[in-house]
Amino acid sequence: MTVFSGAGISAESGVPTFRDVETGLWAKVDPYEISSADGWRAHPDRVWAWYLWRHHMMSAVAPNNAHRAVAAWEDYADVHVITQNVDNLHERAGSSRVYHVHGSLFEFHCDVCGSAYHGAVPDMPEPVESVDPPHCDTCGGLIRPNVVWFGEALPDDAWDKSVQAVVNADVVVSVGTSSVVYPAAGLPELAIARGVPVIEVNPEETPLSPSATVTLRESAVAALPGLLQRLPVLLG
Ligand code: APR
């Protein structure tokens, strides 16, 4: 089984999604400014402050029953998790193979020389507008989160493993993603093109919905805990 997850799987843990109109993170900030390579170059202090706040938020929440269900499937199947989320809730729920195609907010590196940064990052319980990022011990460059911004390439290793996980799957479960951000959104499409059934779990219609094998208009926490038992019926 291959799971392809987006912000919606963490919504019921209390992490706002990106594109939900009223509560989404993008409703409050300009996504391009705050999550792009250009935005970082123009205002690293604003970008750093915003990610520190998200880092706090993601550290403060717990995995929910959807993350736990995916982890529990490992008792019955060979499970690969491809996530667009930069939180670590799949790992904390117990999933052992998680591919972060958009990086992780729990790793940091130097923007100039790429050295990993293991220093402390300040706790930021409330959002503030500006915090200067730390400097790299090796070259003096600015430290940034290990997340993929608009205008950047996806990490090769995570991407290669994700493609393999999709093409070798018996079933792909796409859960909690608006399916609009490529190339990640192309992974369920690749499954469909290869004849691998795709189950979409999302309360809302997405561009993937018309081509998905099965669409479940349910929340992740409602759908995932019983999904394994429903598979024979859902897939005929
Ligand atoms: N259960 C399942 N799905 C949900 C739930 C829930 N409880 N709540 C919301 N959703 C769905 C929404 O209907 C929406 O389709 O989750 C989706 C969230 O979509 P986005 O906010 O666009 O998040 P995502 O698809 O992960 O975004 C992809 O875009 O901004 C970039 O890098 C960022 O990784 C992110 C990428």
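Entry one, the ligand. I kept in mind that this is a predicted model. I listed the residues around the ligand and got 22, of which Phe18, Arg19, His102, Thr177 and Ser178 come nearest.

I started with Ser178, where a polar side-chain atom lies 2.6 Å from a ligand oxygen. For His102, I found a side-chain N or O atom 2.8 Å from an oxygen atom of the ligand. With Gln84 the backbone takes part: one of its N or O atoms is 3.1 Å from a ligand oxygen. Next I looked up how much of the ligand the protein covers: the ligand exposes 730 Å² when taken alone, and the protein buries 91% of that. I also checked where the ligand sits, and it is in the largest pocket.

I placed Val81 in strand β2, which spans residues 80-83. Is Val81 buried or exposed? I noted it as buried, because its relative accessibility is 0% and the cut-off for buried is under 20%. I then looked for its contacts, skipping neighbours within four places in sequence, and found Val3, Val70, His90, Ser95, Arg97, Val98 and Tyr99. Last, I checked Val81 against His100: they are 19 residues apart along the chain, and their C-alpha atoms are separated by 8.6 Å.

How values were computed:
Residues are numbered from 1 along each chain as its sequence is written. This is a predicted model: local features need pLDDT of at least 70, side-chain atom pairs count only at pLDDT 80 or more; totals for chains, interfaces and linings use all residues. Side-chain values use heavy atoms; hydrogens and water are left out. Helices (H or I, at least four residues) and strands (E, at least two) are DSSP runs, numbered from the N terminus. Buried means under 20% relative accessible area, exposed over 50%, partly exposed in between (1.4 Å probe, protein chains only). Contact means heavy atoms within 4.5 Å. A residue is near a molecule or strand if one of its heavy atoms lies within 4 Å of it. A polar contact is a pair of N or O atoms within 3.5 Å; within protein, one must be able to donate a hydrogen and the other to accept it, and residues adjacent in sequence count only if both atoms are side-chain atoms. Accessible areas come from the Shrake-Rupley method with a 1.4 Å probe; for residues, only the protein chains shown count as cover. On a 1 Å grid over the protein atoms alone, a cavity is a set of points where a 1.4 Å probe fits but cannot get out, and a pocket is an open set with protein on both sides within 12 Å along at least five of seven lines; lining residues have an atom within 4 Å of a point. A molecule sits in a cavity or pocket if more than half of its atoms lie within 2 Å of its grid points.
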